[in-house]
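Subject: Structure handover and notes

Hello,

Please find the structure below. My notes come after it.

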Amino acid sequence: MSETVRRKGITGYILLAPAVVWLVAFFLIPFYSLLAASLFNSDGSDFRGYTMTYEWSNYWHAIQDYYPQFIRSLVYAGFATFFCLILGYVLAYAIAFKSGRWKNLMLVLVIAPFFTSFLVRTLSWKLILGNDGVVVNTLQFLHILGPNGHLLYTPFAVVMGLTYNFLPFMVLPLFASIDKIDYRLIEASNDLYANPVVGFFKVTWPLSLPGVVSGTLLTFIPAVGDYINDELLGSTQTRMIGNTIQSLFTEANDYPAASALSVILMLMIVVMVLFYVKRAGTEDLL
Amino acid sequence: MRWLQSKVVLILGILVLVYTFVPISVVVVMSFNKLPSEQSKIYRFNQFTLDNWLHPCTDPSMCQALGRSIEIGLLATLGATILGTLAAFALVRHSFVGRSSTNVLIFLPMAAPEIVMGSSLLALFVSAGFAGQLGFTTILIAHIMFCLSFVIVTVRSRLAGLSDTLEQAAMDLYATPQQTFWKVTFPLVFPGILGAALLSFSLSFDDFIITNLNAGNTTTFPMYVWGVSRKTIPMQINVVGTVMLIVSVLIVVGGEVRNRRRTRALAGPSPARRDSVVAAAGARSSAGGLEAV
Amino acid sequence: MSHLAEDTTTVAAAEGTPGAGLGLRALTKQFANFTAVDSLDLDVPTGSFFALLGPSGCGKTTTLRMVAGLETPTSGTIHLAGKDITHQKPYRRPVNTVFQNYALFPHLDIFENVAFGPRRRKVAGIDAEVHRMLELVELTSQTRKVPAQLSGGQQQRVALARALINKPEVLLLDEPLGALDLKLRRQMQIELKRIQTEVGITFIHVTHDQEEAMTMADTIAVMNAGVIEQMGAPDDLYENPRTTFVANFLGQSNLIDGTIRSRDGDMTRVDMHGIMVSVPRERTHATDSRGWVGIRPEKVLIGEEGEALDAPGNTIPGGVISDVSFVGVSTQYLVRMPWGQELQVFEQNTGRRRIFRTGDRVELSWRPEYAFVLDHAQDASAGSQIDDE
Ligand SMILES: Nc1ncnc2c1ncn2[C@@H]1O[C@H](COP(=O)(O)OP(=O)(O)OP(=O)(O)O)[C@@H](O)[C@H]1O
Ligand SMILES: [Mg+2]
């Protein structure tokens, strides 16, 4: 009745057309180009050109040559997502329930750092984790790190960088979810169980699951394809799949192999997301 | 002790916030750092100086890259905001066939890893014979593409929250459809459009992965930083980082203050504003989009 | 129910022809395959306070929206002051609306909300006019606040001022008091009535609160399932309902199955389960030989068995009290009649008579001029509060 009435007619199509055309032309069609490129003859090059030879072996070679990078990407991104979840949950919970009138300020503070250049921020981790930096010196002093031990150029630094850079993608959906929970439910559970820990796992956590699901996906997906953190904070021993794809494209000019890797990465993510959403949707959310 | 117990979560939360500010403070501090020598590869604090702030363009190529990023950012923002706003109106206000596939099409670019989007676009440009012409135009095309979804999602949520009885009231009060749009609809949706534009600009300005693959010989600011990260790092990049931080904080706080002033009489922080902060800055966190899958 | 349309027009014709006020002719609105408003005929005389009363979903809002131009009729016409405005754009009609939830512009302050209409029409002297309007609704001290800073009642007044400032031919009010609590509601009812008398504009007030309609309106149209059931002055509607829906929806009625034996002179004689009662001819709305004899509970007198109540009345013996509820000013009885039906009887606590107890045998009576006879084809429980809520 006084609900928004959707108007019929061609105006809707006219308004929608430019955006849809743009997305089809520069998002969807490129993906087909990528699929096609992944099946080109592997001995072609930029200059000689490629031909479509349905070179399925590109995939086989890509997996054979680069599976360590794939596994590394998954592991690093998995760890980063896990750390983000812990840190993000604490922060989101604190903002939603404990910040009182500072709620808005804290939200702004979560977002603000991320308006500073991604690369510049990541570079400053280089300084913080550097061999003469405060962190390394402290750890060496405490004998947690050996006298020649270092943090920079290790998997630790890479995971740390990923965790740091993708934290807001975790905090915001978590906050949106937790903020919706009626705090009286938590009080009631504390009243009934008398144990905040049990109350948390029986009430808060299940109710925040939608935020957990979207937060973990939104952290994991960009993290698994990222190569900036790895390039700046890692070493040749820590290369992830993103590094490989980009260097095959821009340095080695091996388009078919790079495309095949890209397609595999995308498919892997789609499968994982579907599986994850389904699981979360059927077993935990209901 | 009880006090500590009741505040433990808050304190932990603040510690996490502090963690996110550690690199920022390094950026700010380093913007006042004087390198021991021009070619120094050592990246740590040496000596206080205002030089970096007074002479930001010591390396002209940095300022060139910065200018190019701003230019691309503005154009991409303009393009994505216009296309995205129109599409958001269509999605909320008009009926058409293919609504759910359109929603999926809008959602996917927000979920796909950048490396995949970047390499797909490159594959398209190469197969279309543009391999030699990669540069400003191809970057702009890519930026509009990945900003578009965020604009649509942000404006759409603002528009969906707007009851159309307000527009009917305007029509009832003798406003023509044009007047209704400009006096009622647009002012009410404007905060959403503005938020979407700011988000677009920051996404575009900061993008590296997609840009790098499709840039040819053109250098944007993130690409410049990438380039120098393995060589001598000019401290001026920290000046740029600090300015970006200040500007964005001013924008957010300014909006907040303006909003506070309007609703001062009402108790509590305004949830609407908070929603828009969450929606704008974290449009990636469009949980709605994920549920659609 | 097409015979009702004739009655409707005769009532309106007395006060004005379609040329003068607002006239709806065969107005129909269909949504997909659902008819929300069904061939509606309605005349609203100029300057009247007109109430459109009906249960939820009966098509009141749809009718108003068609008059305002916010909805296009499927068929039929709308005339205003002699002009056909059926297809005129909403922003060209001399009609304004007070929306159900006020629809105040949140980005404009009170002053600008009220000035919105005049600004669109580019009239002169807006400032003075806005102040005059805000004075009328007693809001002069709040002009620079935004709607979110006002209370419900204040917002309601702004919505009223915003519409009235345009001096429309007709002001449409869609449940303008629906969002207010009971006390404020009563207060605003009086206020609205005062303002209407002061400005003399035709008000069409939509409500599903019958008490509100009765206290405020000069004329009430009772609407049900897309058609007007009956229209008239509040007391006329109450005292002489023509359909079971009106009889039940406005107050309560006892409806008793009866067979019409004769229609001679100005009285109709009805056999009510073996008891003959008389009803005036002009209050007999049944055309067949069967009908529902209707009587309002407060019109029924109750007495001891065998007590000769009010001589010229219809007397119905053999009742047994089945329930008593004492509500202070009156006592409400349920009386089981020999044919098994329970009748409602309200008696004023004048102290003249004792209060009966459950199980007491009683005799009922009412004056013939208070009874009415309704068409037997109609559902005797239509419009009763029980199935409405
Ligand atoms: N746009 C629409 N599409 C389909 N059906 C509609 C639409 N608008 C109204 N209806 C239907 O028409 C009927 C009348 O609606 P209307 O809003 O006029 O009722 P109402 O009398 O104002 O009720 P209420 O007292 O609850 O406000 C309802 O059954 C409603 O479901
Ligand atoms: Mg209604």
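Predicted model: local features only at pLDDT ≥ 70, side-chain atom pairs only at ≥ 80, totals over all residues.

Residues are numbered from 1 along each chain as its sequence is written, chains are lettered from A and ligands numbered from 1 in the order written, and side-chain values use heavy atoms, without hydrogens and water.

Helix pair. In chain A, helix H2 (residues 57-98) packs with helix H9 (residues 209-225) at about 140°, the axes being 9 Å apart. Residues of H2(A) in contact (heavy atoms within 4.5 Å) with H9(A) include A:Ser73, A:Leu74 and A:Tyr89; on the H9(A) side, A:Val212 and A:Phe220 are among them. The contact residues comprise nine nonpolar, five polar and no charged (Asp, Glu, Lys and Arg count as charged; Ala, Val, Leu, Ile, Met, Phe, Trp, Tyr, Cys and Pro as nonpolar; the others as polar).

B:Thr20. This residue lies in helix H1 (residues 2-30) of chain B. B:Thr20 counts as buried because its relative accessibility is 2% (the cut-off is under 20%, with a 1.4 Å probe and protein chains only). Beyond neighbours within four places in sequence, B:Thr20 contacts A:Pro113, A:Tyr164 and A:Leu167.

C:Ile316. Strand E16 (residues 314-326) of chain C holds C:Ile316, which is buried at 1% relative accessible area. Its C-alpha atom is 5.9 Å from that of C:Glu363, 47 residues apart along the chain.

Regards

How values were computed. Axes fitted to C-alpha atoms, helices over the stretch in contact; angles between N-to-C directions. Helix = DSSP H or I, 4+ residues; strand = E, 2+ residues; numbered from the N terminus. Buried < 20%, exposed > 50% of the residue type's maximum accessible area, 1.4 Å probe, protein only.
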